[in-house]
Amino acid sequence: MTAILPITETTEIFYPSGDGEPMAETYDHVYAIISTLEVLKQYLTGRQATVLGNQFLYYSQGFLRLRVAPDVMVIFDVAPGGRDNYKIWSEGQVPVVIFEMTSPGTEDNDKSFKKNLYAQLGVKEYWLFDPKGEWIPEKLRGYRLVWEAIYEPITDSRSEPLQLRLAVEDKLIGFYREDTGEKLLLPDELVAALDQEVQARQEAEAQAEAERERAEAERERAEAERERRKEMEALLARYREQFGQLPE
């Protein structure tokens, strides 16, 4: 009979990073996850923060089954960059904001178990996004931690920890900076904006070059006119020396 060894402080525990389950039910959910992940990663570049997507969050040391896989989670005051999984006791920080891209298949788990768990862990904001509007008519629903383990609905569409305003934009979440009102662009929107900026710069440079060429041509024309005037004045001076003043 094989003896079962207890987990002790010296036992090295392997915490799996995946369970073989798909990221999400549909393309719309996958795209909403990836878009939110990339937008927030770009927004938090340069800060002591990380954004993780669909990765295990372990919340009790030594208990491998006590885990969830939030679709997107933002953690402050940790080293930037990816992880295979996230262990709260190892990193020392609880996620500050969590997003779940929900559907009728995950509705019960998202609005009960996960909501209660995240509140108990101290996650400051919990957002549910239903890209197809299948069970959340307004598609986006948020909760803010108001006191210990208690969530209340967010009514101002603001993420206080992120200092962003959130808006439903078809099947995606739109994020807007509170300080400038500027929209955080998706990767393809960033590329398009960069292309437009490059094109505008090239057009401005071409226009400036054309202006320089016109100015140079005008300078050369004025210089040639001055030379012709000098020649005429010299010719007129020689004529006067030989023949006197021109008749009026």
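Strands here are DSSP runs of E with at least two residues, helices are runs of H or I with at least four, and both are numbered from the N terminus. You are looking at a predicted model, where local features need pLDDT of at least 70, side-chain atom pairs count only at pLDDT 80 or more, and totals for chains, interfaces and linings use all residues. Residues are numbered from 1 along each chain as its sequence is written, and side-chain values use heavy atoms, leaving out hydrogens and water.

Now show β8 (residues 140-147) along with β9: four bridges join these antiparallel strands. Two strands pair if DSSP finds at least two bridges between them.

Next, select helix α3 (residues 107-121), which packs on the sheet and touches β6, β7, β8 and β9. Contact means heavy atoms within 4.5 Å. The direction of α3 makes about 160° with that of β7; axes are lines fitted to C-alpha atoms, for helices over the stretch in contact, and angles run from 0 to 180 degrees between N-to-C directions.

Then bring up the whole open sheet, six strands in the order β1-β4-β6-β7-β8-β9 with mixed pairing. Look at its edges: β1 and β9 (150-153) each have a single partner strand, so one side of each is left without a neighbour in the sheet.

Finish with α1, which lies across β1, β4 (72-76), β6 (97-101) and β7 (125-129). Relative to β6, α1 runs at about 160°.
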